[in-house]
Amino acid sequence: MSASPAIAVGATIEPLSVGPISPAQIAAFADRSGDNNPIHVDEAAARRAGLAASPVPGMQIVAWLHAAAARFDRAIDVTGLSTRFLAPVAAGETIVISGRIVQVDAAGGRAVMRLFVKTAAGVLTSIAEASLALPPGQGRA
Amino acid sequence: MSPSNVRIGPIEARIEAEEVAAYARATAIPGLDEASGEVPATFPAVWLWHPAARAAVADITLDGRHVPVLTAQRFEYRAKLRIGATYRFEIESLAEPGSPDSFQIAAHVSTPDGERVAEFSATYRLFALAADEAA
């Protein structure tokens with residue numbers, strides 16, 4: 001995606017689809033991150049915790065949220081991300097990440113993007129807010 | 001259960017290029033060529049599962065009778081992490097006052113001379129595990 005001349009309130013990102021998220025992808029992340037929580041890789045453990053299936057690790061979703069925000073404009077820096085998880089995403093599901101600029105401080109070179117994670121069935125699973133550092137000259141309230 | 005407050009570190013860690021590459025592969029989105037050569041913003045997640053931090057979480061989760069489920073996560077950077085650089089990180093595990101089923105892990109990343117680079121926090125809710133299913 002090319003750099004936009006100005007980042008304005010209401011601008012949206014191109015929705016990013018991830019999935020179907022395979023158990024192998026989850027296992028690779030669990031192995032690399034060191035997250036040994038059994039519910040992510042052992043469906044029986046997930047069921048013992050009351051879940052229908054192994055959930056995708058939250059930090060893996062955060063990594064994809066960051067990627068979605070960063071793709072908006074390569075000239076910006078995503079300096080912060082705050083995510084709240086509302087519902088688990090099960091292995092095998094596909095998620096779609098959408099986002100919208102909700103605040104721009106052109107003078108301060110900052111903007112805020114709100115992001116949403118939904119399953120392909122439309123269930124909202126996470127909401128997030130990304131703090132963006134804008135390059136000089138970008139940003140329009 | 002009542003998670004107690006635990007402080008771990010500071011622990012020094014050097015960011016190695018091959019670790020970054022492996023982490024980037026593990027978080028890659030199939031079909032997208034997003035390799036930037038930079039340290040992914042979520043890379044410090046690997047430090048949150050340092051053996052000392054795992055031990056503290058094992059204590060909180062009563063050695064496997066509960067599992068932590070991530071309910072919120074936040075990070076904030078003041079400067080980018082660099083491959084080849086050494087950082088210090090400190091981890092705190094904090095009880096949530098009035099919420100015995102929740103705890104928070106906070107991590108601070110600094111340069112060796114003490115300049116703060118990034119802050120992370122994660123809030124978990126403890127889920128009790130049911131007994132093993134008979135069949």
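1. Does Q60(A) count as buried or exposed? With 26 C-beta neighbours inside 10 Å, Q60(A) counts as buried. The cut-offs: buried takes 20 or more other C-beta atoms within 10 Å of a residue's own, exposed takes 12 or fewer, and partly exposed is in between, with C-beta atoms placed from the backbone.

2. A quick word on the model: it is predicted, so local features need pLDDT of at least 70 and side-chain atom pairs count only at pLDDT 80 or more, while totals for chains, interfaces and linings use all residues. Residues are numbered from 1 along each chain as its sequence is written, chains are lettered from A and ligands numbered from 1 in the order in which they are written.

3. Q60(A) sits in helix α3 of chain A (helices are DSSP runs of H or I with at least four residues, strands are runs of E with at least two, numbered from the N terminus). That helix has 14 residues and reaches 20 Å from first C-alpha to last, close to the 20 Å expected at 1.5 Å a residue (1.5 Å times one less than the number of residues). Since 13 of the 14 residues of α3(A) are buried, the helix is largely enclosed by the rest of the structure.

4. Leaving aside neighbours within four places in sequence, Q60(A) is in contact with F29(A) and T27(B) (contact: C-beta atoms, placed from the backbone, within 7 Å).

5. Now the chains: 30 residues of chain A are in contact with 26 of chain B. On the chain A side, α1, α2, α3 and β2 each give two or more residues.

6. Look at the strands too: β2(A) pairs with β2(B) in the antiparallel sense over five bridges (pairing needs at least two DSSP bridges). In β2(B), R74(B) is the bridge partner of S82(A).

Terms used:
Two residues are in contact if their C-beta atoms, placed from the backbone, lie within 7 Å.
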